[in-house]
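Morning, everyone. I have one model to walk through today. Let me put it on the screen.

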Amino acid sequence: MKCAALAAKIESGDPMAAPAGEDPGTHHNVMASNAFGPAAAGIVMGGALFTLADFACSVAANAALLAAGETERLWLTLNASINYLRATKGGLLTATAHCIKAGRTTCLYTTDITDENGVLIATIQSTGIRPI
């Protein structure tokens, strides 16, 4: 997706792409815990948590580019590492991505996933790259 298309999606009020606040490098993403169907042992699967966090990170990183006037090159995930801290069985999950460092060609973001009570479920650290 081109940055201009991403900008249109963010500005449209799409709940899956709504900036968290004034900081263009921060993003909240919300997912119903049953969005990926039933999981083994009645808990949300790790892949669903990873997808939620990776998407929040992607939107935050690319929204920051748009705020800076960049419309051609998107951040892509180069590497990501997730730590699952506890299992969750239900409710709404929120992924909040924060920019640690955004350079010319690489960036570093952390994303925390919390449940509807604010309990930390998982945290992910992602490195992004802007291909030339």
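Before I go on, the ground rules. This is a predicted model, where local features need pLDDT of at least 70, side-chain atom pairs count only at pLDDT 80 or more, and totals for chains, interfaces and linings use all residues. Residues are numbered from 1 along each chain as its sequence is written, and side-chain values use heavy atoms, with hydrogens and water left out.

Now the overall layout. The protein has two helices and five strands. Helices (H or I, at least four residues) and strands (E, at least two) are DSSP runs, numbered from the N terminus. The order from the N terminus is α-β-α-β-β-β-β. The protein has 132 residues, and 33% of them count as buried. Buried means under 20% relative accessible area, exposed means over 50%, and partly exposed is in between, with a 1.4 Å probe and protein chains only.

Back to the strands. Strand 3 covers residues 92-102 and runs antiparallel to strand 4, with eight bridges joining them. Two strands pair if DSSP finds at least two bridges between them. In this pairing, Cys-99 stands opposite Tyr-109 of strand 4. Strand 4 also pairs with strand 5, again antiparallel, over nine bridges. There, Thr-114 stands opposite Leu-120 of strand 5. The hairpin between strand 4 and strand 5 has five residues, and Gly-118 in its turn has a positive phi of about 85°.

Look at the two faces of strand 4, residues 106-114. In a regular strand, side chains alternate between the two faces of the sheet. The covered face here holds Cys-107, Tyr-109, Thr-111 and Ile-113. The uncovered face holds Thr-106, Leu-108, Thr-110, Asp-112 and Thr-114. Thr-114 is partly exposed, because its relative accessible area is 21%.

Next, the core. Which residues touch the most other members of the largest nonpolar core? They are Leu-49, Leu-93, Ala-97, Tyr-109 and Ile-113, out of 21 residues. Helix 2, strand 3, strand 4 and strand 5 each supply at least two residues of this core. Helix 2 gives the most, with nine. By a nonpolar core I mean buried Ala, Val, Leu, Ile, Met, Phe, Trp, Tyr and Cys residues joined through side-chain atoms within 4.5 Å.

Helix 2 spans residues 46-67 and includes Asn-62. Is Asn-62 buried or exposed? Asn-62 is buried, because its relative accessibility is 2%. A polar atom of its side chain lies 2.8 Å from the backbone nitrogen of Trp-75.

Last, the charges. The whole structure holds one salt bridge, meaning a side-chain nitrogen of Lys or Arg within 4 Å of a carboxyl oxygen of Asp or Glu. Glu-70 and Arg-130 form it, and their closest N and O atoms are 2.9 Å apart. The pair links distant parts of the chain, 60 residues apart: Glu-70 is in the loop between helix 2 and strand 2, Arg-130 in the segment after strand 5. Glu-70 is partly exposed, because its relative accessibility is 22%. Arg-130 counts as buried, because its value is 9%.

Technical notes. A polar contact is a pair of N or O atoms within 3.5 Å; within protein, one must be able to donate a hydrogen and the other to accept it, and residues adjacent in sequence count only if both atoms are side-chain atoms.
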